[in-house]
Amino acid sequence: MDPPKSNFRVVIVGGSVAGLTLAHCLLRNSIDFVVLEARDEIAPQEGASLGIHANGARILDQLGLFDDILDSVEPLQRSFVWSDAGKLISATDTPKILHERHGYPPLFLDRQTVLEILYKHLGDLQDRVLISKKVTSVKQSPEKVLVHCEDNSVFEGDIVVGADGVRSTVRQHMWDYMEAQGFTTEVSKERANTMMTSEYSCVFGISTPTPGLIPGTVHRTYGEGYSFVTVSSKDNRIYWFFFHKMDQTYTASQIPRFNQAEMDKHVAAYLHKPVTGSVPFSEVYKRSVSKALLAMEEALYTHWSVDRWVCIGDSSHKMTANMGQGGNSAIESATSLANSLAGLIQRCPEKNPTVQDIHTCLKAWETERQLRMKGIWRSAYDLARLEALATWKHKLIAIYIMPYITKYLVNRTSAVIVEAVQLDCEPLPPKSLQCTMPYKSHDNYAQPGTDQTWKRALLTAPLVGCYAAAKVTMETVITKLWPFAVPLLTQGVWTARNGETLSLTRPLYHIPFLDNMLRPLITCFLPSISGSDPRSHIQILSFMADLGPVYGIWLLESYRKAHSWHQILLPVAAGIAFQRKGIGKLAPIYYAAEYIQTPLSRLLSGNNCEVEPATSGSLIISMLAGYYLPTLANFFAPTLESRQQYNALWQLFPVVIPLLQGPLYVVAKRCFSDNPTQPKQGRKKSMRCMRCIRYAYGTFALVSGLTFIYARFSAPPGASITSIFWPGLQGYLAPVTSFSEGIARFLQYDQVISAASGFVWLALRFRELKQSGASFSWTKAIGAMVACTCAFGPGATFALGWGWREEILHRMSGR
Ligand SMILES: Cc1cc2nc3c(=O)[nH]c(=O)nc-3n(C[C@H](O)[C@H](O)[C@H](O)COP(=O)(O)OP(=O)(O)OC[C@H]3O[C@@H](n4cnc5c(N)ncnc54)[C@H](O)[C@@H]3O)c2cc1C
Ligand SMILES: *[C@@H]1O[C@H](CO)[C@@H](O)[C@H](O)[C@H]1NC(C)=O
């Protein structure tokens, strides 16, 4: 292999899975490096094994190492799960299915062998890997990092990479550096004792062939407070793990270091437990050729990089070993870091990048990488607890549910694997192209945390509840209202409280079909817009103002790039329907449909969540003209007749807004069109999209908020704000005393239920963001929602909540 050409030099601390993989990946990108390893040999035998899954295997294959690995293993085919009593819980071909789907069989081998292969393939550049170099401190100067070793040697580089495992020295010095830069609160959170914990210990080892265990199989035993994983590989070499829940959860500084002499005592009570139906643990244990006991740490740090520092592998994301993704994740982190560094160097070919360039590059890498790691880390965390039946819930899931949903679980694993990192500078290996389930390429990189459609459908249960509530309450009130409405409509005259009369039959649209259809609806609004029922007047004013954000947001959702033009039919159809039946009934249906139809992954891939500035801009204007103006005119036009006329216009808004928007869009498109002399810049463009979105939700929130405040302060004396907006849980059962009173109550339910279903939808959307790695606190979010609803009303809250989601989406789509 050619020696690296670039002037950019990476000092890698730690020559294990992460460090050596990074060395290979840098080499492929012609980036200079040196590896400093504390131990005095590269590949010591420590009794540890490493499971390699397709996500790690594909990278090793790109690096030309996979065939050597395959030579030393027996690919896994079958997987068994046993109970504490030695009863079979499930037997599946999961490893074989994963092999067919992803091109690489799951496999196990000595960690020593993996390190040997990694080292061997460095060829001439093995001399870049220095052993017996224990790093003691790292310092950053403006131009460089200086890495000091115990033997007083010093290494210079442009960046330092901490690949030095769970008790990382580089991370300690990175924290010191961050503190010196003033990030004291961030660092104290990271240093906090609770950031790294340990709840399970692990005795692991390698044994000689054990009768009853067949090569290519993996056995798991789920016991209360413990679990086994036993793998039989090539020539029946046995890799085994005994996980045991410790007496307490230890935090970083208290995590015990076990005396290896305690091991026999530690396993004594479990020797008779089954690793398969017929093989007790003692049979495996007594054949061990090497073994070790340790407490397994768990930690997922928030800061992986700063300026010229970066930590990969166990120094940033340490997991329990149950899932066997620790090493694979270290491989992925190393590879994605190399991809990012290569991009950085390509962007500034003449000179070395500045510390600011490096920092920006590393932070972008960190954000993207954390998105994927959070999901994997969480699964590993859960699996450790499931297998050791940690609580009754885990027990229920592990023993009574999981065996029946193995297909679904394999699909979950596959969903994680297809999004694996690849080394960008090397072609994809044939094995990875001949599989039945293709990997996602970087262009359509979807994020983890997307549930399957049936699960999304189940999650809409609260919306079904909203619909049911709307149906029961609103229909009951309408039935009781009917005896008051019929005479009114047959007489055709409305008498306001001040004695003013109004014809209900005069044509408003001059289209008989519309007049006939909408007459009863317009009549329903007369008590409130005529002011004859002052409390209802306030409620309806606020309600109508709040419908603006709701409908505006529905339209915006349908305008995203993820959708084709006919998506607009969903909000328009829902809008027409809710004008007739009440939004309380229709909103839950719309939200459920929208949620099931559009998972987050669809919005995050590419620039799918964007709404063109011309679209959102023209929407704001058509909302102001086609919605807010007629709404205000409903209440403030001078005569009763004109208010009635404006209400007739208002009734049509679900259609009027999009129609108004059409020509406005064409005009806006001209104004917003890109200056042809300037090349389109993705980032700038997306900033502009975001600015328009901010104007949109800002306008919605402002109008609704102001209206709500106005309504509050103009409430008639003696009327409490709750009595204006809240119909009461049992309110629909009370008899209706007049047309106005009945209508007011109907519209209260309409508003409360539509607002509630909007919040449910937002909660579902935020849940999905959180699953994909967005960080926010539910307590704070719900607290803010309640406070904001009390102060500014539900409409403004909904608009702001949606806006917050847009901000997170914008950040997550990485622009
Ligand atoms: C019992 C057990 C079983 C596991 N099984 C699996 C599995 O089946 N599949 C899987 O994918 N993962 C598994 N893992 C996890 C996997 O071993 C780790 O995730 C992986 O080794 C992490 O690699 P790393 O390079 O980040 O860190 P490490 O492998 O911990 O390597 C850190 C290296 O840095 C060196 N170092 C430390 N400090 C310094 C210093 N100051 N100066 C210089 N060098 C230093 C160390 O000597 C070491 O070589 C298992 C882990 C355990 C504990
Ligand atoms: C799992 O994925 C396969 C292939 O995509 C699909 O055919 C199958 O229906 C999925 N099964 C479950 C239970 O999700």
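A polar contact here is a pair of N or O atoms within 3.5 Å. Keep that cut-off in mind for the close-ups below, which come from a predicted model.

**Figure 1. Arg372 reaches a backbone oxygen.** Arg372 sits in helix 11, which covers residues 355-387. A polar atom of the Arg372 side chain comes 2.8 Å from the backbone oxygen of Val416, so the pair falls within the 3.5 Å cut-off. Is Arg372 buried or exposed? Buried means under 20% relative accessible area, and Arg372 has 3%, so it counts as buried.

**Figure 2. The whole protein, for orientation.** Before zooming in further, here is the overall layout. The protein has 815 residues, and 56% of them are buried. Along the principal axes, the C-alpha trace spans about 100 × 70 × 50 Å.

**Figure 3. Ligand 1 and its shell.** Ligand 1 is surrounded by 32 residues, and the closest are Ser16, Glu37, Arg111, Asp314 and Gly327. Sorted by class, that shell holds 13 nonpolar, 12 polar and seven charged residues. Helix 1 (17-28), strand 3 (49-52), strand 12 (196-207) and helix 10 (326-347) each put at least two residues into it.

Figure 4. Glu37 brings a polar side-chain atom to 2.6 Å from an oxygen of ligand 1. Thr169 uses a polar side-chain atom, which lies 3.0 Å from a nitrogen of ligand 1. How much of ligand 1 does the protein cover? On its own ligand 1 has 990 Å² of accessible area, and the protein covers 91% of that.

**Figure 5. Ligand 2 and the residues around it.** Arg101, Tyr408, Asn411, Met437 and Gln452 are the residues around ligand 2. By class they come out as two nonpolar, two polar and one charged. In the side chain of Asn411, an N or O atom lies 2.4 Å from an oxygen of ligand 2. Taken alone, ligand 2 exposes 360 Å², of which the protein buries 41%.

**Figure 6. A bend in helix 16.** Where does helix 16 bend? Look at Trp482: the bend there is about 45°, and a proline, Pro483, follows within four residues. Helix 16 runs over residues 461-491, and at 1.5 Å a residue its 31 residues should span 45 Å. The end C-alpha atoms are 44 Å apart, which agrees. Several residues in helix 16 are buried, including Leu463, Cys466, Met474, Val477, Leu481 and Leu488.

Figure 7. Lys561 lies in the loop between helix 18 (534-559) and helix 19 (569-581). Its C-alpha atom is 6.0 Å from that of Cys609, although the two residues are 48 residues apart along the chain. With a relative accessible area of 34%, Lys561 is partly exposed.

**Figure 8. Two loop residues with positive phi.** Ser132 is found in the loop between strand 7 (129-130) and strand 8 (135-140). Its phi is near 55°, a positive value in a residue other than glycine. Ser132 is partly exposed, at 41% relative accessible area. The other loop joins strand 21 (501-503) to helix 17 (512-529), and His510 lies there. For His510, phi is near 60°, again positive in a non-glycine residue. Exposed means over 50% relative accessible area, and His510, at 62%, therefore counts as exposed.

Methods
Residues numbered from 1 in each chain as written. Chains lettered and ligands numbered in written order. Predicted model: local features only at pLDDT ≥ 70, side-chain atom pairs only at ≥ 80, totals over all residues. Heavy atoms only, no water. Near = heavy atom within 4 Å. Polar contact = N/O pair within 3.5 Å; in protein donor to acceptor, adjacent residues only side chain to side chain. Areas by Shrake-Rupley, 256 points an atom, 1.4 Å probe, with all protein chains shown as cover. Nonpolar A, V, L, I, M, F, W, Y, C, P; charged D, E, K, R; others polar. Buried < 20%, exposed > 50% of the residue type's maximum accessible area, 1.4 Å probe, protein only. Expected span 1.5 Å × (residues − 1). Bend = angle between axes of the 7 residues up to and from the residue.
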